[in-house]
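Thanks for coming, everyone. Let me put the model up, and then we'll walk through a few places in it.

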Amino acid sequence: MKLAIWSYEGPPHIGAIRVAAAMEGVHYLIHAPQGDSYADLLLTMIERRRTRPPVTYSSFQSRDLGRDMAALFQRTLRETVDRFRPRLLLVGASCTAELLGDDPGGLARALDLPVPVIALDLPANARKENWGAAETFYQIVRTLADRTLSPPPRNGRRPLCNLLGPTSLGFRHRDDVIEVSRLLEAMGIDVALTAPMGASPEDIKTIGRADFNVVLYPEIAAPAAAWLERTFHQPRIDTVPLGYGATRDFIARVAEVAGVVAPDAMIAGWSNLPWWSRSVDSTYLTGKRVVIFGDTTHAMAAARVATDELGLTVAGLGTYSRECQAVLKAAAQDLGAEALVTDDYLEVEDWIGRLRPELVLGTQMERHIAKRLGIASAVISAPVHVEDFPARYSPQMGFEGANVLFDSWTHPLMRGLEEHLLTMFRDDFEFNDASGPSHLPHAIPFSGTAAGPSSATPSTPAPVWAAEAERELGKIPFFVRGKARRNTEQFANDRGIAVITLGTLYDAKSHFAR
């Protein structure tokens with residue numbers, strides 16, 4: 001264990017919270033000390049949920065350690081069932097309470113509660129958040145699924161499938177489910193169940209009715225899907241439709257398993273990405289170096305889109321998911337990219353700094369790293385912050401998801417092109433600052449000494465600008481030049497500097513960039 005200010009994954013009970021919060025009629029009771037109760041913050045602030053998450057904590061304090069902890073936990077159990085009336089109760093311990101060696105599952109079973117109880121054993125010393133979510137979902141499916149069920153005879157009916165893997169706090173899971181459901185509907189396939197997101201314990205009981213399972217997020221759903229394949233003989237589709245090419249592969253695989261024929265127009269694809277990536281504007285992107293880091297599913301899908309669909313060069317490919325590192329390392333080797341498997345953000349920062357890409361695709365942390373290094377970036381994977389739970393429809397999967405990927409990845413690079421063009425045409429006879437806007441014939445030409453209001457006051461006269469400093473100021477884009485002048489003059493006044501030299505300008509820039 002080590003102390004860090006950032007972690008790509010929380011302890012495994014956070015994964016269990018994500019599953020419980022995604023479902024209907026499920027409540028999660030966590031044996032935890034006071035101060036470990038941050039589920040409300042995660043779900044209501046970051047995901048912007050309208051309701052509080054279905055999580056209760058025993059919240060014992062230090063003075064309780066010498067008392068009957070079993071009685072405290074069982075009292076909380078009874079109160080939770082009486083208050084929330086769940087149809088399924090999950091019980092477990094936080095990473096801190098785990099050290100005490102209490103047995104939440106045994107204590108719950110001893111009460112003979114009028115609700116099904118699943119005891120979760122999530123070892124925080126060896127496992128992390130995604131594993132905890134996968135284990136929780138697996139235990140729920142294995143406990144509740146009615147093993148006597150089987151798909152009804154086809155007899156002309158439409159095929160049925162289950163969508164497995166979406167949870168709370170997942171990156172665009174809500175919109176991905178909508179997009180993939182639309183694809184399946186267009187193919188004549190009905191979605192029998194989506195789980196964990198939106199499913200109730202009663203829904204999970206009927207999971208065996210579907211003809212096959214679609215694994216949208218292998219990190220969460222792979223263990224449950226494997227058990228369903230063994231128990232109910234349900235085929236599983238592991239092709240994740242992230243990107244234009246992967247979506248077409250997904251459609252072909254679904255058609256094969258379901259025994260349907262996809263419409264020709266659907267096989268050709270409904271996305272703008274193929275044409276836009278071949279258009280003249282996108283030739284600027286060809287060969288740009290990109291570094292990709294995230295969970296294995298999104299990172300590997302992003303690598304395929306970057307190379308096959310946008311013409312980018314993958315310089316680095318990494319993940320924090322150690323359970324899936326072998327397949328990612330193989331993919332990186334095929335791409336000629338440098339692989340990185342770590343959950344230490346400082347290692348990731350050093351890696352990005354050394355590779356010096358022109359675009360970084362990663363989590364919330366890689367966005368911060370790229371901003372500090374002055375590199376364009378886009379978020380492709382959890383963990384994410386509130387801005388990556390948009391109010392608008394913004395999937396990552398399917399053909400519409402491919403459009404979203406194109407826009408969100410290329411726009412940061414295009415903004416870099418705009419800055420380059422401003423610099424390139426700064427001294428052009430028509431477009432330089434001294435000429436004024438060419439489309440306004442009566443515009444007043446810009447004067448290099450009038451770049452914005454001065455910071456001077458009657459008691460503090462404006463410092464004098466040296467010629468070399470004035471020339472350097474003129475190289476700053478016009479729309480921020482006034483602020484740069486004011487900041488530099490303020491910096492000089494605060495330090496009693498009468499003449500602003502080139503060194504003063506650079507010192508002021510460093511000061512205000514902190």
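In which helix is glutamate 349 found? Glutamate 349 is found in helix α14, residues 345–355. Helices here are DSSP runs of H or I with at least four residues, strands are runs of E with at least two, and both are numbered from the N terminus.

Quick ground rules. This is a predicted model, where local features need pLDDT of at least 70, side-chain atom pairs count only at pLDDT 80 or more, and totals for chains, interfaces and linings use all residues. Residues are numbered from 1 along each chain as its sequence is written, and side-chain values use heavy atoms, with hydrogens and water left out.

Back to glutamate 349. Buried or exposed? Glutamate 349 is buried, at a relative accessible area of 16%. The cut-offs: buried is under 20% relative accessible area, exposed is over 50%, partly exposed is in between, with a 1.4 Å probe and protein chains only. Beyond its neighbours within four places in sequence, glutamate 349 contacts Ile369 and Arg372. Contact means heavy atoms within 4.5 Å.

Threonine 194 next. This residue sits in strand β6, residues 190–195. Threonine 194 is buried as well, at 16% relative accessibility. Setting aside residues up to four places away in sequence, threonine 194 touches Leu163, Pro166, Val177 and Ala199.

Now the sheet. Four strands make an open, parallel sheet, ordered β2-β1-β3-β4. Strands pair if DSSP finds at least two bridges between them. At the edges are β2 (55–57) and β4 (117–119), each pairing on one side only. From one strand to the next, the twist averages 20 degrees. Axes are lines fitted to C-alpha atoms, for helices over the stretch in contact, and angles run from 0 to 180 degrees between N-to-C directions.

Look at β3, residues 88–93. Three bridges join β3 to β4, and the two run parallel. Leucine 90 has isoleucine 118 of β4 as its bridge partner. Helix α1, residues 12–22, packs on the sheet, touching β1 (26–31), β2 and β3, at about 160 degrees to β1. Helix α3, residues 69–84, lies across β1, β2 and β3, also at about 160 degrees to β1.

On to α12, residues 296–309. How far apart are its end C-alpha atoms? They are 19 Å apart, which agrees with the 20 Å that its 14 residues should span at 1.5 Å a residue. The expected span is 1.5 Å times one less than the number of residues. Of those 14 residues, 10 are buried, among them His298, Val305 and Glu309. At the helix start, a side-chain oxygen of aspartate 295 comes within 3.2 Å of the backbone nitrogen of threonine 297. After α12 comes glycine 311, with a positive phi near 75 degrees.

Last, the rings. Rings of Phe, Tyr and Trp (its six-membered ring) pair if their centres lie within 6.5 Å; planes under 30 degrees apart are stacked, over 60 edge-to-face, the rest tilted. The count is six aromatic pairs. Tyrosine 244 and phenylalanine 399 form a tilted one, 5.7 Å centre to centre with 45 degrees between the planes. Tyrosine 244 lies in helix α9 (residues 244–258) and phenylalanine 399 in helix α16 (residues 398–424), so the pair ties together parts 155 residues apart in sequence. Both of these residues, tyrosine 244 and phenylalanine 399, are buried.

Conventions
A polar contact is a pair of N or O atoms within 3.5 Å; within protein, one must be able to donate a hydrogen and the other to accept it, and residues adjacent in sequence count only if both atoms are side-chain atoms.
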